[in-house]
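Here is a short report for a reader meeting this structure for the first time. Please look at the sequence and the model, then read on.

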Amino acid sequence: MKDAFGTPQSLLILGGTSEIAMATARRLVARRTRKVWLAGRPSPALEKAAAQLRDMGADARTVPFDALDAESHIETIGGLLADNDIDMVLLAFGILGDQARDEDNPLAAVRVAQTNYTGAVSAGLICARALQAQGHGSLVVLSSVAGERARRSNFIYGSSKAGLDAFAQGLGDALHGTGVHVMVVRPGFVRSKMTAGLDEAPMATTPEAVAEAIETGLRRRSETVWVPGALRVVMSALRHVPRPVFRRLPV
């Protein structure tokens with residue numbers, strides 16, 4: 001169960017090598033989180049991440065998970081949740097893709113969509129059902145401001161995040177009153193390995209800043225978290241810009 005400050009005692013991360021996820025895990029373990037499951041494709045990076053959390057005093061374990069293999073999700077993630085009481089699930093997997101390349105390669109574009117959206121639908125529903133059955137818990141979903149309005153420069157990635165965001169919001173409404181808290185996190189440009197080599201967008205942030213916002217959101221039981229917070233106003237304005245004008249913006 002969570003403590004008085006909203007810190008979970010147990011945490012499952014789907015996308016265990018995500019820099020945002022690991023920054024969040026480190027922050028929570030430094031507070032009170034003691035059991036962590038890192039789910040992802042088996043790799044030295046996943047094992048290294050678990051070892052890092054063990055060095056901080058957590059009981060950290062790895063779990064095989066492939067977002068693209070939806071048929072395995074019930075057995076792997078569903079089985080884990082059935083056998084353990086978990087306070088928080090962080091859905092952190094996703095890929096950026098390469099817009100210019102993917103426009104000419106529909107299969108690559110579909111991989112972005114399947115990873116970011118359909119994989120999340122499968123895993124999200126399984127986690128939500130398990131949290132509801134135990135009567136408590138938080139499902140934190142890493143979305144993106146890119147999903148607020150599709151831009152010419154990354155509409156494939158942005159559309160997948162738009163679908164994920166809408167799904168998570170609807171799931172949160174469906175679970176309202178059940179004891180399960182769903183929180184959607186919308187970071188802007190995050191300086192990370194995923195964005196290395198890309199031109200930095202205004203109001204860029206860091207994995208550590210997103211982790212801090214997640215912790216604050218958990219404590220407040222927020223439903224939507226923007227990182228940085230000023231992006232809420234910026235994106236609200238951009239959503240209402242007429243399309244002929246929006247097409248001329250350098251975004």
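## Helix 3 against helix 5

Helix 3 and helix 5 cross in a right-handed sense. This is a predicted model. Helix 3 covers residues 73–83 and helix 5 covers residues 106–134. Their axes come within 9 Å and cross at roughly 30°. Angles under 35 degrees count as roughly parallel, so helix 3 is roughly parallel to helix 5.

Which residues of helix 3 make the contact? They are His 73, Ile 74, Ile 77, Gly 78 and Leu 81. Helix 5 answers with Gly 119, Ser 122, Ala 123, Ile 126, Cys 127 and Ala 130. The residues of this contact divide into 7 nonpolar and 4 polar, with no charged ones.

## Helix 5 against helix 6

Helix 5 also packs with helix 6, residues 155–175. The two axes come within 9 Å and cross at roughly 15°. Helix 5 and helix 6 are therefore roughly parallel to each other. Their crossing is right-handed.

On the helix 5 side, the contact includes Ala 109, Val 112, Asn 116, Tyr 117 and Gln 132.

## Ala 174

Ala 174 lies in helix 6. Is this residue buried or exposed? Its relative accessibility is 58%. The cut-off for exposed is over 50%, so Ala 174 counts as exposed.

Ala 174 and Ala 82 are 92 residues apart in sequence. In space, 21 Å separates them, C-alpha to C-alpha.

An open sheet holds 7 strands in the order 3-2-1-4-5-6-7, and the pairing is parallel. Strand 3 (59–64) and strand 7 (224–227) stand at the edges. Each has a single partner strand, so one side of each is left without a neighbour in the sheet. From one strand to the next, the twist averages 15°.

Strand 6 spans residues 180–187. Strand 6 and strand 7 pair in the parallel sense over 4 bridges. Val 184 has Thr 224 of strand 7 as its bridge partner.

## Helices across the sheet edges

Helix 2 (residues 44–55) lies across strand 2 (35–40) and strand 3. Helix 2 runs at about 165° to strand 3.

Helix 8 (residues 231–239) lies across strand 6 and strand 7. Its angle to strand 7 is about 95°.

Note on methods: Residues numbered from 1 in each chain as written. Predicted model: local features only at pLDDT ≥ 70, side-chain atom pairs only at ≥ 80, totals over all residues. Heavy atoms only, no water. Pairing = 2+ DSSP bridges. Helix = DSSP H or I, 4+ residues; strand = E, 2+ residues; numbered from the N terminus. Axes fitted to C-alpha atoms, helices over the stretch in contact; angles between N-to-C directions. Contact = heavy atoms within 4.5 Å. Parallel < 35°, antiparallel > 145°, perpendicular 65-115°, else oblique. Left-handed = near helix turned anticlockwise from the far one by under 90°. Nonpolar A, V, L, I, M, F, W, Y, C, P; charged D, E, K, R; others polar. Buried < 20%, exposed > 50% of the residue type's maximum accessible area, 1.4 Å probe, protein only.
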